[in-house]
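Subject: Structure handover

Dear colleague,

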Amino acid sequence: MTGEFIAFMVLALVAIMGGVLLLNFKNIIHSVVALVFTFLSLAGIYVLLSAEFVAVVQVLVYAGSITIILLFGIMMTKHKATHTEPKSTWKKILALLGVLGFAAAFYLGIYNLDFGAEQVPLHANNTEQIGIALYSKYIIPFELTSVVLLVALIGAIVLARKDDNKEADDK
Amino acid sequence: METAWIIPLFPLASFVLLLVFGKKLKESSAYVGIAMTLLSFVFAVVALVDRLQSPTYKAEAVWLTIGDVQLTAGFEINPLNALMLVVVSLVSFLVHTYSKGYMHGDDRFHIFYAYLGLFTFAMLGLVMSPNLLQTYIFWELVGLGSFLLIGFWFYKEEAKAAAKKAFIMTRIGDVGLLIGMILLFWQVGSLEYDEIFRAVEEGTLSSGMITLTALLIFIGAVGKSGQFPLHSWLPDAMEGPTPVSALIHAATMVAAGVYLVAALFPLFTASETALLTVAVIGAFTAIFAASIGLVQKDIKRVLAYSTVSQLGYMMLALGSAGYVAGVFHLTTHAFFKALLFLAAGSVIHAVATQNIEKMGGLWKKLPLTGPLFLIGTMAISGVPLLSGFFSKDEILLATWASGHTVLFWLAVIAAFFTAFYMFRLFFMVFAGESRSEVKEVKESPAVMTVPMVILGLLAIFAGYMNTPWFGTFLGDWLVEGNAALGPAHVEGPAWIMYVVTAISLAGILLAWLIYGKRSISRDWLTAKVPALYNILYNKYYVDEFYQYTVVKATFFVSRVVRFVEVYIVGGAVFLISGIVKVFSTLGSWMQNGQTQMYGAVAAVGLALLVVIYALTGGYIQW
Amino acid sequence: MTISGYLTLALILFAIGLYGALTKRNIIVVLISIELMLNAVNVNLVAFSKYGIMPSITGQVFAIFGMAIAAAEVAIGIAILIALYRNRATVNIDRINSIKDEF
């Protein structure tokens, strides 16, 4: 019962609770808050996995920007607070069966998995290691990612823009 | 004789031509039919004359080869076939001519002639067949022709029912014939008459098998020739036009059964049991039908029962090994029965009813029909010197010679009945005062009377081709060179002829006393035993018996089968279609246009694959 | 502490995300569920980078790439959502079924 294990258990529980809650909250804003909890606890998991830089990025990108974008999306659309239509129970059962079968099959594969930990000093100068890898070995994907982000930026603007000239004038 | 194959083709041509052009020809269709049957008759006479001088001619070609078995088709002109060809084509020709007057004004005149052509073609083909298979094909065609003609006035419910009854009841017999044929083919390996007779002679066939096949084939003949217990369709078939009755009764349909037994005679003679069965059924039918004929009131029904009775005589003759007697009676009967029917048709034509209670006193009003009807009546009653006398005498001699005393006396009593009811019919129709509702009774036109005159002459003189006094020409010729057919003439005690004559004359006398002179009251016996009268008048309740046994049983079986059909077979079909429906409903429910659904299905599919992978380790082992 | 604990955590999160993506009607919840699934993948990558057969920094680099793509995906997703909302005035995924041919 090491400290690492306790930390892992706590963080994992929070993450899973967040996941479960975000599906069960009726109010969509509450769901997003639950999601933030999951994201933050996953950042903690990253720290446990000697990935400080990734953890920081997780907090910045997920818990920060993505959450904000989602909130924007929620605010720009109308949501009924109540879920009135409980009709397609069959679909739910079908999906549940599929997901459970999938999870069970994979759990069989992983519950006893152990490759034998070969210690690599990932935690030492973690950011430097990532920086070196990104700017040497993965320079081309890295640059392409910037292109992808640019395209996403422009694409998002084009999609969300109002087509109408009149409305464009209003803007 | 080489050209004999063309004989049946003339009526066939008439059938085809009238089907195609009948609508335009209208009543002149009659000329096509008459001309074609006349040609048939001419060629048949040529073939007969040829056959008188030269031996049997047989032509065959291979039709089908199945393994080692060869099925052939062809024709054979032996004495029996040649005789039948002439009789059939002659009667058919006369009926064609007569119909021109009788059917005048009918809407479907040309169709009638087309059917007559088909019927004649079938019968002519039947009597020329050299093998059982061909016989069977034409046999069924004859059945079809009779069905079409009996039901010709299909708008009459009775005619429709009678046509169906004729078809179904003869069908019962046909099944027997078919099974017999198949057994013979299985045993002999051929359907050729010659092969079958050779097998019988050489003992290839076991005696049990001979009896079995002969009896099965006889069942076919029973159905076709209206023998008990399959006789009841024949009187009902009177619903057809009268010329059709003449044709069916004299030349085509019912003669087919007798012909079949005659053609397969060597097979029957090889089995005592089969012969005895034929004789017993024949004798029983003869007296059974004659007794019904005593009380019937419909002119055509009386004649129908007389036909059944006379056919019984022929079967009795054949069953008593009297081949010549049977065939001889078939020939003479064809003439006088055709005459009787045509004359009856003439009477019906004149007074527009078939009920003999509403006739009477027609002797003077129908100066030609009356005497001709009298000739037919005398011939069938066995009055000396007419054709029926000789043939009936021949039959009784053969029966006596075969030793079946009981059957002999049954036949004698039947002869008495025959004489009585035929003259009862004659006196009711022609003697006394008129009870008709039709005031002006006119004699039929010449186109109807001329065929009757020809048949009248034949009814008188046809008997002289085979008499014990002037020579048995027909008998000698029929059995010449074929020992299996028995003797040409059976010698018997002379008293038989006197007894039969006396019996017939007694019947006539009794009929005259009751219906002619009326010195004996008509309901003398009826009043004393009304039950007997009712039984006879209702034809021994045979139809009712069939109704309550066979028909009801069939309905019951049908209901059971229908239950199986609807609930078991149908249930299985419903189940299968239901399963398919469930799957298709599922499919269309999934195709609801929502990406989530498609995603869910894909995910479940993936999950299934993963689960299978996890459980089997990558490949499926059974 | 072995790898299986992390992998199980990722599996549970992934399963929750998958279930949400397949059953929730609100498009925003569906998007959130997809984010959850992406996160589960990232957890796997980072876990393998430490406890895998060949531990190295590469897993973490991949996780960072994944996050960048996820961010782009969310941005595009929200843009599509807004465009759709403008045309249909709904965020209910059941109503968005024009993929099916109307007959």
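Please keep in mind throughout that this is a predicted model. With that said, across the interface of chain A and chain C there are nine residue pairs in polar contact, both residues of each pair being at pLDDT 80 or more.

As for which parts of chain A take part, the side of chain A that touches chain C draws at least two residues from each of α1 (3-24), α2 (28-48), α3 (52-76), α4 (89-110), α5 (126-135) and α6 (139-160) of chain A. The largest share of that side is supplied by α3(A), which gives twelve residues. Sorted by class, the side of chain A that touches chain C consists of 54 nonpolar, twelve polar and eleven charged residues.

The extent of the interface can be given both in residues and in area. The contact involves 77 residues from chain A and 71 residues from chain C, and the two chains bury about 6700 Å² between them, with 77% of that area on carbon and sulfur atoms. Within chain A, the residues that lose the most area to chain C are A:Leu23, A:Leu49 and A:Phe115, which together account for 10% of what that side buries.

One residue of chain A deserves a separate look when you go through the model. A:Ser50 lies in the loop between α2 and α3 of chain A, and its phi is near 60°, which is a positive value in a residue other than glycine. Is A:Ser50 buried or exposed? With a relative accessible area of 6%, A:Ser50 counts as buried, because the cut-off for that class is under 20%.

Of the 103 residues in chain C, 66% are buried, and the accessible surface of the chain comes to about 3800 Å², of which carbon and sulfur atoms hold 67%. Finally, if one takes the contacts in chain C between residues at least 6 apart in sequence, 56% of them join residues at least 24 apart.

With best regards

Notes: Residues numbered from 1 in each chain as written. Chains lettered and ligands numbered in written order. Predicted model: local features only at pLDDT ≥ 70, side-chain atom pairs only at ≥ 80, totals over all residues. Heavy atoms only, no water. Contact = heavy atoms within 4.5 Å. Buried area = accessible area lost by both parts, 1.4 Å probe. Polar contact = N/O pair within 3.5 Å; in protein donor to acceptor, adjacent residues only side chain to side chain. Helix = DSSP H or I, 4+ residues; strand = E, 2+ residues; numbered from the N terminus. Nonpolar A, V, L, I, M, F, W, Y, C, P; charged D, E, K, R; others polar. Buried < 20%, exposed > 50% of the residue type's maximum accessible area, 1.4 Å probe, protein only. Areas by Shrake-Rupley, 256 points an atom, 1.4 Å probe, with all protein chains shown as cover.
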